[in-house]
Amino acid sequence: MDKFWVVAKREYLERVRSRWFVVMTLFVPILITAMFLIPAWVTARSASSVSSRNIIILDATGAGLGRNVANLLMRDSTAIRTRNGVAESAPAPQVRLATSAGLAAAEDSATHEVMKPNSVVGYLVLDDSTLSSRRIRYAGRNASSIVDMDKLKTAVRQAYTGVMLQREGVKPETIALISNLSLSMPLTRIDERGRGGSGQAAIFLGIGIGILLLMSIIFHGQNVLRGVLEEKSTRVAEVVISSIKPEMLLAGKVAGAGAVGLTQQMLWIAISAYLMTNFAPLMLKSAGVPVTGGGTSALGISFGGLTIGLFVVVVLYFLLGFVFYASLLAAAGSMVNSEQDAQQAAMPVMYLLIGSWLFVNSVIVNPTGTIARVLSWLPFSSPIIMPMRMGLSPVGWPSIAGSLAVCALGCVGAVWLAARIYRVGMLMYGKKPSLREVARWVRYA
């Protein structure tokens, strides 16, 4: 057992002290933070755009639809711009009444105004076809802005509804209530312990856990494969195996690499949480959005769903998943003599891992469905799927314990198979073995 710890310690220290470990430990959290903060920053800047207000509304309906649209656009609280830290109101839309005969001339005049720099950004046309067939036209510099166009269509839709209700004799108070109707639906999880946690935060947590586990298993599992291949090609394994059993050598290498992966994953989570908490307010302020809460809370991101129980279970699934895949990858590396052959030998193992990830979309859509439950009990997919399910929906502890037990049995089988292949493969050189020869190695060992 002492030799096992010597091998594990050497594997751990050698990888932790490498330059690539430091680079990846710092780069991945920066990448994760950028993946969440940059889209939020772009969305915040788009939401605070004043372009949807700075327009001309050409109203040829004769029903006052243009004035109603302008009033609704002015009620948009997101259209606020900030200069030197001071919030400014956006310019009000210019409503111009026109007739059907003079609409073309009004459009031509508005087009020339839009073409001038530092002027209105576009014009909206409301005519008889708007009331009869619900058709509107817009032209402007922000015509490709999805956010601005969505605001305009929403305002016209609400104003159109108000005009139609007014024609039917509905009270003005009722029309105002319907036109200004907005719904807020916070999402709260309920499990056997009661209420707790945000549903949106749970989705973020589940997907984040799955991505981190997948990256760690792939990255560090490939390191195990390359390490085994390097020792075999340099004939170092022949000297080492003479003083330690091959099974103990394999176990030490897998344990050391697994500890490296677990250490790196802890650092990824801690650094990512720190960066998002501290940089989110700065980015949102630069987008002109007032920030009243904490960093991640300003983005709607919460780490409250990361309980101690979930953390422990995620660590167990990572260790079991890593042992399962790293053992098989080490066996694949021991069978061949070149990097190209090693990648081909590792493809069946990677197919199991990537194949599990292909079902992630189904799990996110229905975390309690049949596909999600079945994949949670398979040794090769449960390390990815079950932690995601736990983040997305409540999962009973009997199911978690049973899944962990099945995953542990799968790891025992993978280690047993990998050790028998590793024992013979590390001392075999020449051509790449066939499946029949590998089966003979297993029986011989």
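The accessible surface of the protein comes to about 23,300 Å², of which 64% belongs to carbon and sulfur atoms; such areas come from the Shrake-Rupley method with a 1.4 Å probe, and for residues only the protein chains shown count as cover. This is a predicted model, in which local features need pLDDT of at least 70 and side-chain atom pairs count only at pLDDT 80 or more, while totals for chains, interfaces and linings use all residues. Residues are numbered from 1 along each chain as its sequence is written, and side-chain values use heavy atoms, with hydrogens and water left out.

**Overall make-up**

- The secondary structure of the protein comes to 18 helices and 8 strands, where helices (H or I, at least four residues) and strands (E, at least two) are DSSP runs numbered from the N terminus.
- Of the 445 residues in the protein, 44% are buried; buried means under 20% relative accessible area, exposed means over 50%, and partly exposed lies in between, with a 1.4 Å probe and protein chains only.
- Among contacts between residues at least 6 apart in sequence, 73% join residues at least 24 apart, a contact being heavy atoms within 4.5 Å.

- Helix H12, residues 308-335, has 28 residues and reaches 41 Å from its first C-alpha to its last, which is close to the 40 Å expected at 1.5 Å a residue; the expected span is 1.5 Å times one less than the number of residues in the helix.
- H12 is mostly covered, with 21 of its 28 residues buried.
- Helix H16, residues 382-392, is also mostly covered, since 11 of its 11 residues are buried, among them Pro383, Pro387, Arg389 and Gly391.

**Salt bridges**

- The structure has 7 salt bridges, each being a side-chain nitrogen of Lys or Arg within 4 Å of a carboxyl oxygen of Asp or Glu.
- Arginine 10 and glutamate 14 join their side chains in a salt bridge at 3.2 Å, N to O, and both lie in helix H1 (residues 2-16), 4 residues apart, about one turn of the helix.
- Arginine 10 is partly exposed, with a relative accessible area of 46%, and glutamate 14 is partly exposed, with a relative accessible area of 46%.
- Arginine 15 and glutamate 11 meet in a salt bridge at 2.9 Å, N to O, and these two residues, 4 apart in helix H1, are separated by about one helical turn.
- Both arginine 15 and glutamate 11 are buried, and for arginine 15 the relative accessible area is 16%.
- Not counting residues up to four places away in sequence, arginine 15 touches Phe21, Asn223, Val224, Ala257 and Val260.
- Glutamate 113 and arginine 96 form a salt bridge at 2.8 Å, N to O, and this pair links distant parts of the chain, with glutamate 113 in helix H4 (residues 103-115) and arginine 96 in strand E4 (residues 94-97), 17 residues apart.
- Glutamate 113 counts as buried at 19% relative accessibility, whereas arginine 96 counts as partly exposed at 26%.
- Through shared partners, salt bridges join Arg10, Glu11, Glu14, Arg15 and Lys253 into one network.

**Aromatic pairs**

- The structure holds 3 aromatic pairs, meaning rings of Phe, Tyr and Trp (its six-membered ring) whose centres lie within 6.5 Å, with planes under 30 degrees apart counted as stacked, over 60 as edge-to-face and the rest as tilted.
- The rings of phenylalanine 4 and tryptophan 5 have their centres 5.1 Å apart and their planes at 70 degrees, so this pair is edge-to-face.
- Phenylalanine 4 is buried, with a relative accessible area of 12%, but tryptophan 5 is exposed, with a relative accessible area of 53%.

- Trp20, Val23, Phe27, Leu31, Met35 and Phe36 form a nonpolar patch on the surface, with about 620 Å² of accessible area together; patches are made of residues with over 30% relative accessible area and no salt bridge, like charges being joined within 9 Å and nonpolar side chains (Val, Leu, Ile, Met, Phe, Trp, Tyr) within 5 Å.
- Tryptophan 20 lies in helix H2, residues 19-47, and counts as exposed at 63% relative accessibility.
- Threonine 33 also has its place in helix H2, yet this residue is buried, with a relative accessible area of 7%.
- Leaving aside neighbours within four places in sequence, threonine 33 is in contact with Ile38, Ser272, Leu275 and Met276.
- The C-alpha atoms of threonine 33 and tyrosine 274 are separated by 9.4 Å, although the two residues are 241 apart along the chain.
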